[in-house]
Amino acid sequence: LKPDTNRMSPCRILSKTLIFAALIAGCTLTKAEAQSIWATGSAGNWNTASSWNPAAVPGVGAATYITNTGTFTVTYDSPMSAASIGSLTFGSSGAPTLNITASGFNVTGTLNMSGQNGIINVNSAMTNATTQVANNSSNDGTSALKINTGAVADLGNVSIGRNNQGTGAGLLVAGGSVIANSIPIGSRNSYASMVINSSGTALTNAARPLM
């Protein structure tokens with residue numbers, strides 16, 4: 001009898017299986033670690049591919065960074081195509097601004113505004129699992145998350161790290177609605193850095209929702 005040359009040996013089958021599994025794992029890892037970085041320290045639109053490096057609008061699960069030095073404005077005026085991004089690190093030694101005027105801005109991880117400066121104006125709907133504002137050791141900077149009239153911001157677990165009092169930075173709620181799991185107040189979370197409405201009334205407790 002002649003050997004059946006069409007049949008693969010167990011070793012060859014195992015080898016092919018391992019290679020296939022490695023390729024799948026590699027693809028999964030690449031997707032999980034996808035990063036989107038604002039391309040330059042100049043103004044642009046969130047939904048424009050060329051605004052980002054690599055040249056693609058942040059996708060699902062992307063770790064997203066707008067940390068360029070400079071004074072510029074990023075405009076988010078239409079819903080992103082992705083259902084959500086993984087995280088957003090925002091702010092730098094410059095003074096970037098992010099204006100959110102459309103819905104669909106969803107962060108499944110952390111909105112991290114620990115950079116020295118940076119302003120996010122929320123004028124529509126935002127959802128974050130975790131929100132960190134000015135949590136940068138002893139340097140308060142001017143980081144501000146502003147919830148403006150008509151906005152609804154679900155901020156999850158909030159951390160505000162200002163050392164000094166001041167009404168121009170931190171979490172500023174002026175006419176919008178905030179939903180939060182927790183907003184700790186105490187050391188490095190000054191009352192004056194969490195302002196509700198233009199009168200400067202201090203936020204003194206964490207309620208869900210806070211309207």
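# Strand pairing and aromatic core in a predicted model

G150 is found in the loop between strand 11 (144-148) and strand 12 (152-160); helices (H or I, at least four residues) and strands (E, at least two) are DSSP runs, numbered from the N terminus. The structure is a predicted model, in which local features need pLDDT of at least 70 and side-chain atom pairs count only at pLDDT 80 or more, while totals for chains, interfaces and linings use all residues. Residues are numbered from 1 along each chain as its sequence is written, and side-chain values use heavy atoms, with hydrogens and water left out.

With a relative accessible area of 59%, G150 is exposed. The classes are buried for under 20% relative accessible area, exposed for over 50% and partly exposed in between, with a 1.4 Å probe and protein chains only. Residues up to four places away in sequence aside, G150 touches N123, G175 and G176, where contact means heavy atoms within 4.5 Å. The C-alpha atoms of G150 and V122 are 9.0 Å apart in space, although the two residues are 28 apart in sequence.

## The chain as a whole

The protein chain has 1 helix and 16 strands. Of its 211 residues, 39% count as buried. Among contacts between residues at least 6 apart in sequence, 57% join residues at least 24 apart. The accessible surface of the protein chain comes to about 10,500 Å², and 56% of this belongs to carbon and sulfur atoms; accessible areas come from the Shrake-Rupley method with a 1.4 Å probe, and for residues only the protein chains shown count as cover.

An open sheet is formed by 8 strands in the order 3-1-4-6-8-10-12-14, with mixed pairing. Strand 3 (52-53) and strand 14 (177-182) stand at the edges with a single partner strand each, so one side of each is left without a neighbour in the sheet. Two strands pair if DSSP finds at least two bridges between them.

Within this sheet, strand 8 (residues 105-113) and strand 10 (residues 125-133) run parallel and are joined by 7 bridges. In strand 10, T130 is the bridge partner of T110, and T127 is that of N106. Strand 10 also pairs with strand 12 in the parallel sense, over 7 bridges; here Q132 stands opposite S159 of strand 12.

Strand 1 (residues 35-38) contains S36. S36 is buried, with a relative accessible area of 6%. Its contacts, not counting residues up to four places away in sequence, are W52, N53, A56, P58, A62, A63, T64 and Y65.

## Strand 5 and its partners

Strand 5 pairs with strand 2 (residues 44-45) in the parallel sense over 2 bridges, and V74 of strand 5 is the bridge partner of G44. Strand 5 is also joined to strand 7 (residues 97-100) by 4 bridges, and these two strands run parallel. In strand 7, I100 is the bridge partner of Y76.

## Aromatic pairs and the nonpolar core

A search of the whole structure finds 5 aromatic pairs. Rings of Phe, Tyr and Trp (its six-membered ring) pair if their centres lie within 6.5 Å; planes under 30 degrees apart count as stacked, over 60 as edge-to-face and the rest as tilted. Two of the pairs are set out below.

| Ring pair | Centre distance | Plane angle | Class |
|---|---|---|---|
| W46 and W52 | 4.9 Å | 75 degrees | edge-to-face |
| Y76 and F105 | 5.1 Å | 85 degrees | edge-to-face |

Y76 lies in strand 5 (residues 73-76) and F105 in strand 8, so their pair ties together parts that are 29 residues apart in sequence. Y76 is buried with a relative accessible area of 0%, and F105 is buried with a value of 0%. W46 and W52 are buried as well. Ring pairs link W38, W46, W52, Y76 and F105 into a cluster.

The largest nonpolar core has 36 residues, and those with the most contacts inside it are W46, L98, F105, I120 and L145. Such a core is a set of buried Ala, Val, Leu, Ile, Met, Phe, Trp, Tyr and Cys residues joined through side-chain atoms within 4.5 Å. I120 touches F90, L98, I100, L111, M113, M126, A144, L145 and K146, residues up to four places away in sequence not being counted.
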